[in-house]
Amino acid sequence: MSRKPYLRKMPKSWWLARRSYTSYMARELSCVFIGAYSLLIVVGLHRLSQGRDEYGAFLDALQSPLSLVFHAAALVFALIHTVSWFSLAPKAMPLQIGEKKLSGGPVVLAHYAVWIVVSAGVLLVARI
Amino acid sequence: MTEQTLQVEILRYRPETDQDPAFQTYTVPYRDDWVVLDALNHIKDNIDRTLSYRWSCHMAVCGSCGMMINGEPKLSCHAFLRDYYPNKVRVEPLANFPIERDLVAVTDDFMEKLESVKPYVIPQQERAVDEGPHLQTPAQLNAFKQYTMCINCLLCYAACPQYGLTPDFVGPAALALAHRYNLDTRDAGREQRQEIAASNEGVWDCTFVGECSQACPKSVDPAAAIQQTKIASTIDWYKALLNPWGKR
Ligand code: SF4
Ligand code: FES
């Protein structure tokens, strides 16, 4: 008998088909905001190197409504990025002591702990 | 008392007559201890002999009855009607694979990929029988045991949008099995497997959607295997960079 396998096309809206796919896409999209924010910081550094007035103008520009909206969105996506990647970390770092495989909880907690310590360090440096 | 019934909507495709697949609805008796496979068997035995699907063990062991049930990849012998009743159950062949006929998917692509990662122990040196068994401690076994549980049911491939979008991707189960043998203390074949596993179509086509591990009925966690292979391959790359004369 002759065969005629039928190939189904994946719809363009596949990422809306399941909640988990949509949150995966949100995680993927988050890197655009992380990248844009890093770029913004680089621009800020550049303006700082140009002098006090230039840096002042840069800080003023940050107050614009557009910039505030961007910052709010970047914050949301940075949180999505952090929380979703931290929760996946145990998959990449399996823990086994002797015969026993450990649960991923400590790996996730360690990530949060390092995050808090590093953030506190940055804030401390910023105050000095 | 009238008998309780349930509607089952099945995607049918008969290559000799059908241009495209289409849904056909059957009404089956509802029993709360029935799984979707029981409903299919009821249809085949009593309503429509032309319905095609694969199954064998009816106990989540053989891996042949994977289907999309209400859009989710599931073993049909493991999906109870009571979880859907009184709503309709929609049954389709595994996503991301071509349809051979009705609920039968063409899985040749996976078989080739599985073969390409050499899913068997490749010893450093052949061991003679009188040398006795190659012993392994329980700790050494536990390092890879979960990956030995794979029943090749392909639910993970049906769950993986990356496989759907990039058909060359070696995919979750094959990469998990490559990892399983790489972790085995009796094995020395990692370098051979890395040719495929560490290629673009190997672990690097994975974008860590993670759905493979959610779909897996055997808790194999292929997503974990793939991420661990990525890390090990990255370490290889740095080692080669820092020590280009060293053995890779
Ligand atoms: S990894 Fe899990 S879902 Fe994938 S084929 Fe093996 S048993 Fe099935
Ligand atoms: S029939 Fe064997 S796994 Fe379902």
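1. Let me start inside the protein: the second largest cavity has a volume of about 70 Å³. A cavity here is a set of points, on a 1 Å grid over the protein atoms alone, where a 1.4 Å probe fits but cannot get out, and lining residues have an atom within 4 Å of a point. Grid points are joined across faces, edges and corners, and the volume is the space filled by probe spheres set on them. The lining consists of B:Cys150, B:Ile151, B:Asn152, B:Cys153, B:Leu154, B:Cys156, B:Ala173, B:Cys216, B:Val220 and B:Pro222. Nine of these residues are nonpolar, one is polar and none is charged; the nonpolar class is Ala, Val, Leu, Ile, Met, Phe, Trp, Tyr, Cys and Pro, the charged class is Asp, Glu, Lys and Arg, and the others, Gly among them, are polar.

2. A word on the basis of these values. This is a predicted model, in which local features need pLDDT of at least 70 and side-chain atom pairs count only at pLDDT 80 or more, while totals for chains, interfaces and linings use all residues. Residues are numbered from 1 along each chain as its sequence is written, chains are lettered from A and ligands numbered from 1 in the order in which they are written, and side-chain values use heavy atoms, with hydrogens and water left out.

3. The largest pocket has a volume of about 770 Å³. A pocket is an open set of points with protein on both sides within 12 Å along at least five of seven lines. Of its 27 lining residues, A:Lys9, A:Met10, A:Pro11, B:Ala95 and B:Asn96 lie nearest the centre. H5(B) provides the largest share of the lining, three residues. The lining divides into 18 nonpolar, three polar and six charged residues.

4. Now the interface. Chain B brings 44 residues to the contact (heavy atoms within 4.5 Å) and chain A brings 24. About 2700 Å² is buried between the two chains, 53% of it on carbon and sulfur atoms; buried area is the accessible area (1.4 Å probe) that two parts lose on being put together, summed over both.

5. Which residues form a salt bridge of 3.0 Å, N to O? B:Asp221 and A:Lys91 do, through their side chains. Across the interface there are four salt bridges (a side-chain nitrogen of Lys or Arg within 4 Å of a carboxyl oxygen of Asp or Glu). H9(B) gives the most to the side of chain B that touches chain A, with five residues. That side has 25 nonpolar, ten polar and nine charged residues.

6. Finally, two backbone spots to look at. Most residues other than glycine have a negative phi, and most peptide bonds are trans. B:Tyr85 and B:Pro86 are joined by a cis peptide bond, with omega about 0 degrees, and B:Pro86 sits in the loop between E4 and strand E5 (89–93) of chain B. B:Ala60 has a positive phi, near 55 degrees, and lies in the loop between helix H1 (36–47) and strand E3 (66–69) of chain B.

Note on methods:
Helix = DSSP H or I, 4+ residues; strand = E, 2+ residues; numbered from the N terminus.
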